[in-house]
Amino acid sequence: MKYTQNFKIEQVTEKTLVVGVDIAKKKHYARAFDWRGIELDKVISFDVNNTGFSEFLSWVNNVADENGKTKIIVGIEPTGHYWYTFAQPLIEESILLVQVNPFHVKRSKELDDNTPSKSDRKDPKVIAKLVIDGRYQIPYIPKGIYAELRNLYVLRMDQVKKITSVKNKVIRWLDMHFPEFLKVFSSWEGKTALITLKTMCTPSKIIKKDAEEILSIWRKEVKSGVGIKKAQKLLECAKQSVGIQEGIESIEFEMKIIMDEYERIAMVIADIDEKLENLVLQVHGAKNIVKIKGIGIITVAGFFAEVGDITRFTHPKQIIKLAGLNLRENSSGAYKGKTTISKRGRSRLRTLLYKAMMPMLATNQEFKALHRYNTIERENPLQKMQSLIALCGKLIRVVYKMITQNIEYDGKKMMEDIHRSEVVKDAA
């Protein structure tokens with residue numbers, strides 16, 4: 001997969017019909033052009049249903065036949081999630097679907113009529129002209145196990161957002177009603193702490209019991225690791241608490257709702273994780289990647305969910321660009337601006353790689369040594385964040401080589417990079 005500008009332009013020839021489609025929720029609009037931008041038929045609209053898609057395909061094929069076109073390219077501006085159902089019939093008919101950047105569409109609107117006006121009839125023409133100029137991307141739609149991984153991973157990210165919101169509610173509740181709670185427990189998510197929040201969350205409820213009663217409640221589910229001293233400390237903190245206790249029944253009811261929501265979402269995430277683990281181990285090369293110290297199986301699942309079939313890439317730089325970790329330069333004439341990462345790509349993949357690198361620097365000796373080299377030992381040391389970004393790119397290269405060459409992780413090979421004279425460009 002190496003779609004250069006020249007390659008894209010070469011796809012549009014005298015025998016190519018270029019169709020621009022404006023995607024909407026209930027009705028799409030389409031216009032057809034030849035390789036020079038001459039419109040070949042009037043604008044059409046079609047409903048977002050099976051009948052509408054059939055009408056569109058029939059119209060496209062008729063226009064192509066009447067004008068001697070043997071190849072069809074359909075260009076769209078990706079509008080939310082509405083384009084997915086439109087893409088399906090095109091894939092089934094083996095028609096090439098491409099996407100143009102919405103920002104490019106917005107900026108190109110004034111070229112024909114010198115006005116920034118927007119309409120369902122105007123946009124298809126703008127989209128088609130961008131396709132003719134080769135300013136498009138060919139979307140990757142995952143199939144099979146990669147589609148399953150992406151769907152599950154997106155679902156997991158949604159549940160993680162929800163449980164983060166619930167955790168914030170717990171912290172807020174404790175700050176208001178029992179701020180001394182975390183003096184007793186290092187984390188409210190520990191098993192003993194959760195039992196306490198579910199059975200006797202408020203100080204007024206705790207002080208009605210003695211230390212032995214509190215300990216007996218804990219030991220119904222926790223057999224070791226808790227003792228009478230912790231129970232006494234909880235009791236003492238409850239007696240001295242400055243938390244708000246007015247409306248005690250509603251306060252306790254609120255915590256019950258929060259705990260029920262927390263446990264429900266946690267169970268959903270655990271179920272999703274189990275499915276992700278079972279699926280990702282079926283992907284070629286995944287078992288070898290999991291063996292890299294510091295990388296968890298959910299991280300590997302997330303990587304394949306975002307990247308898809310890695311063998312479709314011809315070079316790891318393409319994956320680095322997909323993650324938005326490629327460098328961009330800001331300079332003009334004698335002015336030399338700061339070089340930063342583009343951040344144009346899959347933000348979830350970029351976040352995944354960054355979060356994966358943190359535990360790797362703590363547990364993986366090779367990456368830890370590379371980080372030390374980048375920030376201390378090399379001639380022009382990088383800042384810590386710059387080194388992290390460089391190492392994210394390094395991890396992509398390592399994973400790409402492991403999968404495409406079917407080899408296992410080699411720590412000694414990694415260490416050789418420290419002694420290379422390769423100049424690592426600044427990243428931010």
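Predicted model: local features only at pLDDT ≥ 70, side-chain atom pairs only at ≥ 80, totals over all residues.
Helix α9 spans residues 191-199, and its buried residues are Thr 192, Ala 193, Leu 194, Ile 195, Thr 196 and Leu 197. These buried residues of α9 pack against several other helices, namely α7 (144-177), α8 (181-184), α11 (211-218), α12 (228-239) and α13 (248-280). One of these packing partners, α7, also carries a salt bridge within its own length, formed by Lys 162 and Asp 158.

In the structure as a whole, a search finds 13 salt bridges, of which several are described here in turn. In one of them, the side chains of Lys 27 and Asp 47 meet with a nitrogen-to-oxygen distance of 2.8 Å. Because Lys 27 belongs to strand β2 (residues 27-33) and Asp 47 to strand β3 (residues 44-47), this pair ties together parts that are 20 residues apart in sequence. Lys 27 has a relative accessibility of 33% and therefore counts as partly exposed, and Asp 47, at 34%, likewise counts as partly exposed.

The salt bridge between Lys 162 and Asp 158 has its closest N and O atoms 3.7 Å apart. Both residues lie in helix α7, where they are separated by four residues, or about one turn of the helix. With a relative accessibility of 40%, Lys 162 counts as partly exposed, and Asp 158, with a value of 35%, is also partly exposed.

A further salt bridge joins the side chains of Arg 346 and Glu 306, with a distance of 2.6 Å from N to O. Arg 346 is found in the loop between β9 (340-341) and α17 (347-363), whereas Glu 306 is part of helix α15 (residues 297-307), so that the pair ties together parts that are 40 residues apart in sequence. Arg 346 counts as partly exposed, its relative accessibility being 23%, whereas Glu 306 counts as buried, because its relative accessibility is 1% and the cut-off for a buried residue is under 20%.

Conventions
Residues numbered from 1 in each chain as written. Heavy atoms only, no water. Buried < 20%, exposed > 50% of the residue type's maximum accessible area, 1.4 Å probe, protein only. Helix = DSSP H or I, 4+ residues; strand = E, 2+ residues; numbered from the N terminus. Contact = heavy atoms within 4.5 Å. Salt bridge = Lys/Arg side-chain N within 4 Å of Asp/Glu carboxyl O.
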